[in-house]
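Here is a short briefing on aromatic rings. Keep the structure open as you read.

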Amino acid sequence: MDGIKKDYVFHRDLKKKYPIITHGAGSYLFDDDGKKYLDACSGAVAANLGHGISSIGEAMAEQAKKAAFVHTMRFETKALHQLAETIGKMAPDNLNKVYFTTGGSEANESALKLARQYHRDAGRHQKHIVIGRWQSYHGNTIGSLSAGGDVKRRHAYTPNLLNYAHVYSPYCHRCPYDRLKDDCLSNQNWTCVTDIERSILELGPENVSAFIAEPIVGSQQGAVPPPLGYFKKVRELCDRYQILLIIDEVMTGFGRTGTNFATEQIGIVPDMITFGKGVSAGYAPLAGMIVHDRVIDGLIKNSDGKFIHGYTYSGHPVAVAAGLAALDVYMQESVLENVKKQGPYLFNRLLELKQKHAIISDVRGRGLLMGIELVKDRKQDLLFDPAEKAAERLNGIAMDLGAVFYSGSGSIDGTKGEHLIISPPLNVTKTEMDEMVRILDESFTIFNLQLRKDELYEITK
């Protein structure tokens, strides 16, 4: 073992070797071999302003010099109040109170617990079940994993999960209920909505606490938006049965879809919005939830104003300073305007790729959260075998060529279905998008050649 450096890192994949990133600049990352990567997925749809913004780092350092840590059970900081006010003013009407956590999993866990306490203290003691959706993702804590529908992540921990219920999310390209989109729209009779009510009635409305959903299904389906009007019907059901509606905007919040929150586009006001990732543009672990006034009023009236919950690093001064500085850059660089301009351009460029490559079955998304579904052959609608790891292999080719995307699998039923998410920084330029499309185009070509070689090998074997 002499001369071999020991590795002490518990890697995400212990059999994989990862490039070591030394620095980033704008939409690019650089490793210690000098290789340059176009960050076409903003890390994990988190580095929404790209890399190397000195003003954010300086704001964090300045706060660390003043007060690096205070416990919010006893103290608060001016930065905490300023960021909460900024976010509250960005949120839909009547969502005015902001609770901070360090990540999206914690944010969703907090929302699920708040829903339970809100009902319990109001005398609705039995309300405890959360209804989530299959092929959704809300985090990796036991509570958030229980509410989510990420089949692969759930399976290993099935004995530990809470007894939460699930329905299918609307995926009109491959409807899990075998309905046609035009039929649903014309008749205004959607199985993906009626199934929610069926579940509520089977469970007993007196037992259901909350319904949680992403406004656009992100990592588990690849940027799938709902049909127009879906969430209005969901809101009506929640109101009818006294169920809190939690909208998970950890991925979609802070301009990613062209508005401050995607909730603005679905035309409803939820009881809670959870957020993360983009709030600090990835510069610090920061997330949280924005809570409707009626829930806050319930806590004041029935709970002596106290939420029985908390984290050591909730409202961490350096993290909230990063959030304040990041949101300032959002404003200075007119990020929303750029997303509204560049989003349609990226969508059209991806449609061009679909015409060229039969491996692309669908292009979807909003703003700069785009997804493409991958199949072996679009004309035959021939799916990849999960063992082929098509999206992961394709992304590997793209990384070799100098761009990184967000690969995913299981989008159809938790096992089958491959997709890529394209989600560059929100201040991306047209030139950079042309570069990522060029690399994608070349990656598809190389991947198709590999598939043909694999098929030829199977025939001659």
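A residue counts as buried when its relative accessible area is under 20%. F275 has 0% relative accessibility, so F275 is buried. The model shown here is predicted. It holds eight aromatic pairs. A pair of aromatic rings is described by the distance of the centres and the angle of the planes.

**F100 and F275**
- The ring centres of F100 and F275 lie 6.2 Å apart.
- Their planes meet at 85 degrees, and an angle over 60 degrees counts as edge-to-face, so this pair is edge-to-face.
- F100 belongs to strand β4 (residues 95-101), while F275 belongs to strand β9 (residues 272-275).

**F254 and F275**
- F275 also pairs with F254, with ring centres 5.7 Å apart.
- The planes of F254 and F275 are at 75 degrees, so the pair is edge-to-face.
- F254 sits in the loop between β8 (244-248) and α10 (263-266), and F275 in strand β9.
- The pair links distant parts of the chain, 21 residues apart.
- F254 has 2% relative accessibility, so F254 counts as buried.

**Charges over rings**
- K35 lies over the face of Y37, and the distance to the ring centre is 5.5 Å.
- K233 lies over the face of W190, at 5.6 Å from the ring centre.

Methods:
Residues are numbered from 1 along each chain as its sequence is written. This is a predicted model: local features need pLDDT of at least 70, side-chain atom pairs count only at pLDDT 80 or more; totals for chains, interfaces and linings use all residues. Side-chain values use heavy atoms; hydrogens and water are left out. Rings of Phe, Tyr and Trp (its six-membered ring) pair if their centres lie within 6.5 Å; planes under 30 degrees apart count as stacked, over 60 as edge-to-face and the rest as tilted. Helices (H or I, at least four residues) and strands (E, at least two) are DSSP runs, numbered from the N terminus. Buried means under 20% relative accessible area, exposed over 50%, partly exposed in between (1.4 Å probe, protein chains only). A charge sits over a ring if NZ of Lys or CZ of Arg is within 6 Å of the ring centre and within 35 degrees of the ring normal.
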